[in-house]
There are 2 protein chains.
Amino acid sequence: MRKILVIGSGKSASSLLKYLLDKSASENLFITVSDLNLNAAKKLIGNHQNAKAILLDVFDETSRTEAIKNADIVVSMLPARFHIEVAKDCILLGKHMVTASYVSPEMQALDEDAKTKGLVLMNEIGVDPGIDHMSAMQVLDRIRNNGGKIILFESFTGGLVAPESDNNLWNYKFTWNPRNVVTAGQGGTAKFLQEGTYKYIPYNRLFRRTEFLDIDNYGRFEVYANRDSLKYQSVYGLDNVKTLYRGTMRRVGFSRAWNIFVTLGMTDDSYTIDDSENMSYRDFINAFLTYSPFDSVELKLRHALKIDQDDIVWDKLIELDIFNAEKKVGLKKATPAQILQKILMDSWTLDTNDKDMIVMYHKFGYEKDGKKYQIDANMVVLGEDQTYTAMAKTVGLPVAMATLAILNKKITSPGVQIPITKEVYEPILKELETFGVSFHEKEVPYLGYNPLNN
Amino acid sequence: MRKILVIGSGKSASSLLKYLLDKSASENLFITVSDLNLNAAKKLIGNHQNAKAILLDVFDETSRTEAIKNADIVVSMLPARFHIEVAKDCILLGKHMVTASYVSPEMQALDEDAKTKGLVLMNEIGVDPGIDHMSAMQVLDRIRNNGGKIILFESFTGGLVAPESDNNLWNYKFTWNPRNVVTAGQGGTAKFLQEGTYKYIPYNRLFRRTEFLDIDNYGRFEVYANRDSLKYQSVYGLDNVKTLYRGTMRRVGFSRAWNIFVTLGMTDDSYTIDDSENMSYRDFINAFLTYSPFDSVELKLRHALKIDQDDIVWDKLIELDIFNAEKKVGLKKATPAQILQKILMDSWTLDTNDKDMIVMYHKFGYEKDGKKYQIDANMVVLGEDQTYTAMAKTVGLPVAMATLAILNKKITSPGVQIPITKEVYEPILKELETFGVSFHEKEVPYLGYNPLNN
C-alpha cells in the first residue's frame, strides 16, 4: 500500500479525500487524515477500509514527524502559514509534499534541498492559484508552439454563489474566508499593464475601475484588478506582453456598492474601536459620518457619498440592515473590518441548501503572420452541496490528482514547483474534465484596448 | 560669559540667532553656531563679536562632544531624527538642551537620567508644536482656575503664504518642507472626538471633511483633521472633554482640489515608478487613468472624478501645468508623491520677495455655573522677508527665549519637558507679544456641534 498523509480536514478536503478514497483500491492507497478535530477527520472518511483518521497537532514536533515518517507523500491542507514546518520535515524525512497555497519565501528557500533529495514540493495546485496556472499555460504554450506571439493576457477568478442560490441584491454570499473579502485590495496600489503602459489604481478607486465580462448562459460579471497583475509575468513567459491584467470576478453592481464601505473607511483593519462591543450597527456607520444633532445617519450618508434617492446601492445597504440601532456589534475592541464582516455575515452566510460557484475567465491575445487573434476561455463550476462545494472540487481535485501523479512518478521534476509545465497540467486538466471542471474556449475578434492597432 | 551652542543654521535659525545676539551684551552671552555648511553659519552671525561659527558634523563623536563640553546649554535645530545623539551627550556632559521637535520615544527615555542630573531637556517649543501648546495651556489653565469645566477644545495651525504674496489659485506656496505637504494625512485614519463620540476619517475622505474658520481682517480658512487629535488629551488635562479636534489650516478651496491628487493615487509614497525619469507630466497623470487610444487625458480625468466644465478646481489643475506633454519628470525611480512634489514646486516655490504667514486658531468651550461659554483665540504672524520668515520667528523666538530662561534659572523643572507649565508659557508668551507674535481672544456664543445642548 502507498501511504498518503493528509494534514487538515477543513472545507476543501472533502473532494480531495473522495477522489483518493475512490481510487484507493485500484491504486493501492492507504490514506491517513489528521486534524486537531478528530471528528471532522473521521466524518470525511466514514468507514472506508483504506483510510484512518488521527489526531494531530502540527505544532507537536514528535507526533508530526512520526506521522510524516509513516507516509510516502504528504498533502498539507492547513492554512498557508502552517505549511513550512511540515515542508521542512518532508525534506528531512525524504517525502514528497503537495499544497494548494502560494509559495512563501520560506517554502521557496527549500528548493535546493528538495532538488538535492529528488523531492517534489508541489504548491499552488488548487483553484486560484492552481487551475488558473494550468489552464492559462496550456493555451499560452499551444499558441506559442503554433508560432503565435502573445500580446495580451488577462485572467479573472471569482468565488460566488450559484445562480439557483443567488437571491440577494449583492448577488454575493461568503463561500470562502469572509475576512479576505472584506480586506480585498488593501495593502498597496494595484499595478498592471495596458497596451504597453503601466497603470496604477489606488485602493480608493479599485472598485470604481471595473470591467465587464460575459459568460454564455451565466450572464454578465464585473472584475476589479488584483494588486499583483504582474506577479507571474516572467513565470508565464510574458515579459514582452503589452497587456497583462488579473482580477477578481463579482456580479455586476457589487463593486459600486462595496465602494461605499471603502470610501467611508469601514474596511480598515489597521486600528481598533474602543467600545465596539456596545456599538449598534447604526453607531458604527455614524462613526464615519459628520456629527449632527438633527440629521439622520441615512441622510448624512446619502449626502456624503451623493447617493440619489432612487439609486439601487441604497437598497443594498438597507438589505444589510446597517442602519439598525438595536443590533449590537458585540465584538470587543474590533477593527472596522471585523465589525463590517460581522454585519455582512448576518446577510451573506450560506443557507443549508445554498450552492457555490467558481468562475474563471482568461483572455489570450496574440499575433501570428501579421494578424491579431484572441481566444477567450471560461470555466464555471457549481457546488453540489455544502460538502462537495465548487471550491472544494476546484481546490481538492487538482491537489489529489497531483498527489497520485507524484506517487505514480508521472510528475517527477524535483524542487519547489507550481503547475506550469505540460507534464503537470496536461493530464490533470484532462482528468478534471471528467469531473465537470472544464474550460470553454472560443475564438473572438481581437479587441485589446486600442482599435487603432487592429 | 554664558556659552550657548546652536547646532544647525537652517531656515529657522535666523530669528533665534538674532534674538540671542541682540541680548548677548546685556545677558553676557557667547553663541557658537555650528553647521556642516560653515558659510551658512557665518552668514547668520555676521561680524558679531559675541559669536563664532564652527564646522561640525554631528555624526563625528569627537568634535561633537568637544563642542558640547564647551557650552553651558545646547540648542539643536537639526532635523528631529538627529537630536538624540546630541541629547545623550548633554546628559553625559551635564548640559541643558532645547529643541523645537516632537519628543521621540528615544528622547523620552532620557527623562529619568535628565531628572537625576537636574538637567532641562526642553522640546516642542517652536510653533506647532510649541506656541500651540503654550497659548492653549494659558487659556485652559485660566478657565479651570476660574472654575470652568472644559468641554471643547479645537486647535488649528497653518503655514501659508502672506496675503500680499498670495497670487495663485490654490492660495498656497511651499513655505516649509514640501514633502510633508504632499504626504500630509497619510499613515492612518484620522480619529477625533465630537460631542462625546469618536469619529474617524480615512485618508481618501480627509480633504472632503473640512470645516471653515474666519479670522478678522484675514478672511476665511478651511481645516482638515490631523491624524492625532487625541495626542495631547491627557497632557492638556482634557480626559473628560466632549469635543477634541486638531487640524491644519488652508485657504478655502485648497482641500477640494488637493483631493483630486489623493483620489487618483498621485500622493502615494509607497512604491516607485520604473521609468519616471522620462515621463512627461501628462504621462504621470495618465498612469492613474483608464487606457484609451482616443480620449484625452483631460476628458478621462474629468469623467473619472465627475468634474464639471465650469468647476474652479479645473483651473487649479491647469495652473499647475499638469497636462503638459513636453515637461519631463526627470526623477529616477520616483514615487508618485515625489513626482507630484516636483510638479508642484514649479508653481508653488516662493518668489524672492514673497512672504509667508503662520496662522493659528484655538476654540475653547467650557461650562461654568450651568452655562456654556466659548473663547476663540487666533494668531497671525507675517514674515518680513525670506530670512526672517513667519516660520523662523515662530519657531526660533520661543526656542531662544526658553534657552535664555533656562540659563537664567527661570525654567528649572528637570527632565524631558514640553512647554505646558505656567513657569514656561507665561513669560515666553508675554515676551513673544513684543515681537508681534500675539493672540487675539474673543468671547463668542458657545457653538459646539449640538445646538440642542446649549
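Between chain B and chain A, 14 residue pairs are in polar contact, both residues at pLDDT 80 or more. A polar contact is a pair of N or O atoms within 3.5 Å; within protein, one must be able to donate a hydrogen and the other to accept it, and residues adjacent in sequence count only if both atoms are side-chain atoms. This is a predicted model: local features need pLDDT of at least 70, side-chain atom pairs count only at pLDDT 80 or more, and totals for chains, interfaces and linings use all residues. Residues are numbered from 1 along each chain as its sequence is written, chains are lettered from A in the order in which they are written, and side-chain values use heavy atoms, with hydrogens and water left out.

About 2,900 Å² is buried between chain B and chain A, with 54% from carbon and sulfur atoms. That area is the accessible area (1.4 Å probe) lost on putting two parts together, summed over both. In chain B, K199(B), Y200(B) and Y291(B) lose the most, together 24% of what that side buries.

Now turn to strand β7(B), residues 149-161. Of its 13 residues, 12 are buried (under 20% relative accessible area, 1.4 Å probe, protein chains only). Strands are DSSP runs (E, at least two residues), numbered from the N terminus. Strands pair if DSSP finds at least two bridges between them. β7(B) runs antiparallel to β13(B), residues 356-368, through 12 bridges. There K149(B) stands opposite E367(B). Six bridges join β7(B) to the parallel β12(B), residues 243-251. S155(B) faces R246(B) in that pairing.

Note on methods:
Buried < 20%, exposed > 50% of the residue type's maximum accessible area, 1.4 Å probe, protein only. Helix = DSSP H or I, 4+ residues; strand = E, 2+ residues; numbered from the N terminus.
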